[in-house]
Amino acid sequence: MSERPARRRRSPGRLVFVLAVVAVVLAVTSHAQAALAVVVLAVLYAGVEAVIAWRRRRATDS
């Protein structure tokens, strides 16, 4: 039985960029509340990714 190749993670920067584009499109099309929700989600996601990267760097430094 062959093993499946590991899934590659998408770049966090790319996902935040896509969320920013979605937020701009929603804002331009008069969906301000949805755009704000997408911005909040993008900020939360970026924060979580930053914490994960920080913990990973800290673990390798020790």
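Tutor: Val24 has its place in helix 1, where a helix is a DSSP run of H or I of at least four residues, a strand is a run of E of at least two, and both are numbered from the N terminus. The model is a predicted one, in which local features need pLDDT of at least 70 and side-chain atom pairs count only at pLDDT 80 or more, while totals for chains, interfaces and linings use all residues. Residues are numbered from 1 along each chain as its sequence is written, and side-chain values use heavy atoms, with hydrogens and water left out.

Is Val24 buried or exposed? Val24 counts as exposed because its relative accessibility is 52%; exposed means over 50% relative accessible area, buried means under 20%, and partly exposed lies in between, with a 1.4 Å probe and protein chains only. The C-alpha atom of Val24 is separated by 9.6 Å from that of Leu36, a residue twelve places away along the chain.

Gly13, another residue of helix 1, is partly exposed, with a relative accessible area of 47%. Gly13 and Ala46 are 33 residues apart in sequence, yet their C-alpha atoms are 8.1 Å apart in space.

Val18 belongs to a nonpolar surface patch together with Phe17, Val21, Val22 and Val25, and the accessible area of these residues comes to about 410 Å². A patch is made of residues with over 30% relative accessible area and no salt bridge; nonpolar side chains (Val, Leu, Ile, Met, Phe, Trp, Tyr) are joined within 5 Å, and like charges within 9 Å. A salt bridge is a side-chain nitrogen of Lys or Arg within 4 Å of a carboxyl oxygen of Asp or Glu. Accessible areas come from the Shrake-Rupley method with a 1.4 Å probe, and for residues only the protein chains shown count as cover.

The length of helix 1 may now be checked. Its 17 residues, at 1.5 Å a residue, should span 24 Å, and the end C-alpha atoms are 24 Å apart, so the two values agree. The expected span is 1.5 Å times one less than the number of residues.

Ser30 is located in the loop between helix 1 and helix 2. Just after helix 1, this residue takes a positive phi of about 65°. Most residues other than glycine have a negative phi. Ser30 is exposed, with a relative accessible area of 67%.

Helix 2 covers residues 32-61; its 30 residues should span 44 Å at 1.5 Å a residue, and its end C-alpha atoms are 43 Å apart, which agrees. Ala35, Val38, Ala42 and Glu49 are buried in helix 2. What do the buried residues of helix 2 pack against? They pack against helix 1, residues 12-28, where contact means heavy atoms within 4.5 Å. Val39, also in helix 2, counts as partly exposed because its relative accessibility is 37%.

The whole protein sets the context. It contains two helices and zero strands. Of its 62 residues, 8% count as buried.
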